[in-house]
Amino acid sequence: MGRKERGNELREKRMQEISLTRTIPYSDHQRWWSTETIAVVTGGNRGIGFEVSRQFAMHGMTVILTSRDVCVGLEAAKVLQEGGLNVAFHQLDVLDALSIKQFADWLLQNYGGLDILINNAGVNFNLGSSNSVEYAQMVIATNYYGTKNMTQAMVPLMKPSSAGARIVNVSSRLAKLNGRRNRVENVAFRELLGNLDTLTEEVIDRIVSTFLEQVEDGSWETGGWPQLSTDYSVSKLAVNAYTRLMAKILGDRPEGHKIYVNCYCPGWVKTAMTGFAGNISAEEGADTGVWLALLPDQAVTGKFFAERREISF
């Protein structure tokens, strides 16, 4: 059996395990959430975001599905509502500071805050083996700064609870610092992003800005950046670093006010972002994110997951 066939067999076996686990209901002592639990999902109108919203609602909590486009967002929420699920919609553009503020004000006024945030909104303009950086500015702004700005706006609104609030950032294994296929070859950047003791927001922003400057002057190909979907990979490298940083910053909060921050890779999913060329369904891609957000009685934070297993950054 070749490496590819063996890999497919292992993946299929793991997804069967996940499918079996998914059918097992949470017992009362594991189920820390209720209909009063508020889960906010960015980019919830389609693909992974829509499926995360559906699965949360199926678990019985209240879901706030957000979308930049009002019409498609309302339609997505309507589909779930017609299935008897408790889903509300509000417009949200993670690139627009005013839109974020208006959403935060509405959320506080109508729901008193939130318990779970899924930073799913993202873009990728490279399909297949193409590696253009034409839209690098938009990719970085949406995937990294959108995640960061939403996190900063939502943290003050996260409700205190014994279970702790949860933030899950959607990322990618393409952004592993020491990945075999797509590693960061620039040793200095790799060390800066990998050293949690010295990691700061300013460090992350500076590295991202360096990438965009190199895109602008045409030197990015020799900058030691990941070679696959470079702009997308760099944006998710920043998301991963920011996840670890926020987990550290929020880790000192007292009991009853804890906020756990993690990220996960959904895999190569059949969605618009991959040109529907992925090899797993949106349901499978959403599974680990939902599982991670609902972990019972565990102070898991600052970690990276895929297929319900922790992986290295």
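I looked for a nonpolar surface patch and found one of about 360 Å², made by L95, F125, Y135 and M138. A patch here takes residues with over 30% relative accessible area and no salt bridge, with nonpolar side chains joined within 5 Å. A salt bridge would be a side-chain nitrogen of Lys or Arg within 4 Å of a carboxyl oxygen of Asp or Glu. Areas come from the Shrake-Rupley method with a 1.4 Å probe.

This is a predicted model, where local features need pLDDT of at least 70, side-chain atom pairs count only at pLDDT 80 or more, and totals for chains, interfaces and linings use all residues. Residues are numbered from 1 along each chain, and side-chain values use heavy atoms, without hydrogens and water.

I checked M138: this residue lies in helix α5 (helices are DSSP runs of H or I, at least four residues; strands are runs of E, at least two). M138 is partly exposed at 36% relative accessible area (buried is under 20%, exposed over 50%, partly exposed in between).

Of its 50 residues, L107, L114, M154, I204 and F211 touch the most other members. Helix α8 gives the most to this core, nine residues. A second, separate core has 31 residues, including F50 and A286.

Last, I read helix α7, residues 201-217. Its buried residues include I204 and F211, and they pack against α5, α6 and α8. G218 follows α7, with a positive phi near 85 degrees.

Note on methods: Expected span 1.5 Å × (residues − 1). Buried < 20%, exposed > 50% of the residue type's maximum accessible area, 1.4 Å probe, protein only. Contact = heavy atoms within 4.5 Å. Core = buried A, V, L, I, M, F, W, Y, C linked by side-chain atoms within 4.5 Å. Patch = residues over 30% accessible without salt bridge, like charges linked within 9 Å, V, L, I, M, F, W, Y side chains within 5 Å.
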